[in-house]
Amino acid sequence: METLLQTRELSKIFRTDEVETVALNKVSLDIQKGEFVAVMGPSGCGKSTLLNILGMLDNPSNGKYFFQNEEVSTYKERKRSLLRKANIGFVFQNFNLIDELNVYENVELPLIYLGIGSHDRKAKVEEALEKMNMTHRQRSFPLQLSGGQQQRVAVARAVVANPSLILADEPTGNLDSTHGEEVMNLLESLNRNGTTIVIVTHSERDADYSQRIIRLFDGKIIHENFFKQK
Amino acid sequence: MFKNYLKVALRNLSRHKAFSIINIVGLALGIAISLTIFLWIQDELSYDDFHEKGDRIYRLTVSGSLGKEQFNTINTAAPTARVIANTLPDVRLSTRILKGWQKQVSYKDRIFSEDYFQYADSNFFQLFSFPLLEGDPEKVLRKPNSVVITQTTASRYFDQENPIGKELISDEGRNYIVTGVCKDVPNNSHFHFDLIASLNTFDWISDNNWLQQYFATYFVVKPGCNINNLKEKIQTLAMQYIGPQLEEFLGFTVDEFDSAGNKYEFSLQALRDIHLHSNLEAEFEQNGNFSFVLVFSIIAIFILFMACINFMNLTTSRSAARTREIGIRKALGSSRKQLIVQFLTESIGMTLLALILAFAIMEIILPHFNELAEKNLVFQPFSKWLHAPVFFLLILIIGLLSGSYPAYFLSSFSPLSVLSGKIRQRIKKSYMRSGLVLFQFAISITLIISTINIFNQLRFIDQKDIGISKNHIMVIEHAYSLRGKKEEFKNRIKQHKSILDATTSFTLPGDRFSSSSHHLEGTPEDELHLMHWIHVDYDFISTMDVRLKRGRFFSKNVPGDTLSILLNEAAVKDFGLDNPIGKKVNRPSGDEGMTQKFTVIGVVEDFNYESLHRDVRPLVINLLNEDDYARFIAVKIKAKDKAECIKHIEKEWVDMAHGQAFLYFFLDSYLDRLYKEDKQTGQLFFIFSMLAIFIALLGLYGLSTFITGQRTKEIGIRKVLGASEISIVLMLWKDFSRWVLLANLIAWPLAWVFLDHWLKNFAFNVEISLVSFPLVAIATLVIALLTISVQSVQSALSNPVEALKYE
């Protein structure tokens, strides 16, 4: 198997005037292409921070981060942005759809930023919406959709550019169990087609979908379950 | 609880210092400017309100037409006042004022040049309320050569001495005995005097000539008098007197006069309407303009309103960021009412701060404003007990207006939705908000385009060839002091190599011109042409560079040129002449029943002897003889030797002018006077457009803070999805650009209509500059984008994780 990303002694420290908070403390981990990894741990253990760094939304304070064998931890926003939009899709707990744009336009957005022509965009958006079974609502606005539908749109947006990695931060956190399951099944099917998936979750049920669980506590990895195989 | 509000309010203010300063200063500036304008308006509306009989005082005016010339003047004939008061029972009292001319007045070694020396009938102080400190109002102006002076004038001449009975000597050789001292004439009077002498000083004033008009006539009417009826009675009565004189002097009847298309009509103006509604010939002073009062009222209200709206916008955009605080307060048990009280307390407190600051700003700007507007406005906010509640009300209204939106809107949500950040989504794009910013920009752009074009026109006035050379012409006043030695004086000063030429005249371009009816021989008797005339000496056209079109100018070598005249092109056209040379023109002379006959010897090219507001009107040029009364000597000098020339001329003047002080001015600045009001308009527009754009930018800043704040999440998402900083900034710019461009589209026709109207005031004007429109559009776009850049760049650069966590 090929390594997609590697971190070595990754640390993240937040400083305010008086307080210094260590969110991540020397975290080293490897994720292979095609893996489905769940990151778990109590609130404040650094899960989201780790995910933000893996998604190149944020830089670590210390340590190294290799993304496709490229050391990216010192990259500036511009370069990170280039890598990010080409390779990574995001799914958030609160969906983060743009209210002013309709379903179709929301899904189309990453393709616009990738500079893809409108003809190609149409095909890709339609394909993604079809996969998520949202074609019938493509002219609706986010506020007109149920939470489950919104998250399906968010997943469609995350996959539309065909990224090699999808990062999902509590993707079922705002959904009931039926809708949550639906979304997890979607992610699983994406994973089966070769997309690497990393989710942050509180839910053991969600974690069950993954092949590996990484448990964080106070910014450190305290447990890695390599035995879970589907 | 209140202490807690205050604490939070103060901390909020100090935590967001830049924001608080912008917000409070913006509001303070708006209040200060609009209060200043309101002071000005109050002053304009208060003119002549101090006369006890003011509501019953009317001024008589005369309008009509003679040939193609129109006239509309406050000057009436000498007998009018007397005859009307004696005949019509509706008229209780009438008085005449004769506008005096500048003269030098001395007492012992004290000499002053007096600009406000007027003459009036003996009952002047019974009709008008200018309180006398010394003297009996019924007697002070009864005797010839009596003069009443104002308090300030008295102290100028007499210090602590009692002025009564003292003799003042004028440079015309008349002596006046001071018979009374009155309080200074208030600023808000439509005429002013420092000295006012008895009209019967002149023995020619009681004459019966109805055809010569020099006097302003005022009446007090009976209470409840019908003014329209009175007007008609006056018309009928006066024509009974005018008719016979028309026949006697001009040789035709009133009916013939009327049927030839001529008109002669009396009107009455209410005293208190004069300042704002009258703009006739021979007004005492430049009056105000009611449309200005209207326009400025609108501007003042607009500025105040906009400042409030901006204040509200900025406050709201801040309170949206305080939703957490609201949620927590609600969760902890604060009632909605308490929250409303809290927000209103804050906004009223800020308004109070702004008002205090506004008073300070007014202290600074009022002197400058007074200079510009030529006023003596004083701002004493607490001089009257009445003011306190007004300001209290002002604070309350502005505070409530600007605090109500955040107070009522934000406090209405359930604590949970506030805490979970959901209400952010509900404070939707407000078209009202954008609409107001749009409106502000439209007004600013209208003002800016107008300002540019007004200055264009002013520059045009400055540079236009008016047919005479106005630069480097120095004009010496009181030429009559040279008695019969004007030629000798001219020759003596011309000895200097830098003095090129000199001419003596009775009037000068830019001065007031007398007019008379003229008759061309060989045309029907009743075909009269009202024309201005000017008396000049032989050197007029060479000194002033007036261009001779046909014939010749006056010549010393031709005797009898006294009865020769030249016409300007407008006069030739008015007479309808193809070949004017040699034609005879008659003019009734001042002496009863006499008519002067002149022969046309030449035609000069039209030159603008009046302001560029009007076309060049017909002008008759007469020869001024050595012995005639002359007022001016115009001297053409070389620019580089100006100082030396003045010194040389002064030396000769002192030698020859019999003690008359050496007073002079330059023709170009004398002509500039004609455009004083236009220049003031230009300056005011400049100031208002700067102010309006400042307020509009403040509004835009508020709007951009608000909108960018609302779009934080969207911007975060876009960045996560790969949007670059530049694309984010461009996206925000695009949104705001739309508003600014739309504002331009609204403003353009407004500016066009206004400018078209304004430029029509000038007979000679520039075209509206088409370039100024897109230029202003680009300029406003650039400054608008710079203003929002503060916000947009900041949010574009922010870490998207922060933005999303925020939710």
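**Aromatic rings in chain B**

Biologist: Which residues are linked by ring pairs into a cluster with F50(B)?
Modeller: This is a predicted model. Ring pairs tie F50(B) into a cluster.

Biologist: How many aromatic pairs does a search of the whole structure find?
Modeller: The search covers all chains. The total of aromatic pairs is 53.

Biologist: Is the pair of Y119(B) and Y176(B) stacked, edge-to-face or tilted?
Modeller: The ring centres are 6.4 Å apart. Stacked needs planes under 30 degrees apart, and edge-to-face needs over 60. The planes here are at 50 degrees, so the pair is tilted.

Biologist: How many residues apart are Y119(B) and Y176(B)?
Modeller: Y119(B) is in strand 7 of chain B, residues 117-120. Y176(B) is in strand 11, residues 175-182. The pair links distant parts of the chain, and the separation in residues is 57.

Biologist: Are Y119(B) and Y176(B) buried or exposed?
Modeller: Buried means under 20% relative accessible area. Y119(B) and Y176(B) are both buried.

Biologist: F513(B) and Y609(B) form an aromatic pair; what is the distance centre to centre?
Modeller: The pair is tilted, with 45 degrees between the planes. Both F513(B) and Y609(B) are buried. Centre to centre, the distance is 4.7 Å.

Biologist: Which residue lies over the face of F117(B)?
Modeller: A Lys counts if its NZ is within 6 Å of the ring centre and within 35 degrees of the ring normal. Here the distance from the ring centre is 4.5 Å. The residue over F117(B) is K103(B).

How values were computed:
Residues numbered from 1 in each chain as written. Chains lettered and ligands numbered in written order. Predicted model: local features only at pLDDT ≥ 70, side-chain atom pairs only at ≥ 80, totals over all residues. Heavy atoms only, no water. Phe/Tyr/Trp six-rings, centres within 6.5 Å; stacked < 30°, edge-to-face > 60°. Helix = DSSP H or I, 4+ residues; strand = E, 2+ residues; numbered from the N terminus. Buried < 20%, exposed > 50% of the residue type's maximum accessible area, 1.4 Å probe, protein only.
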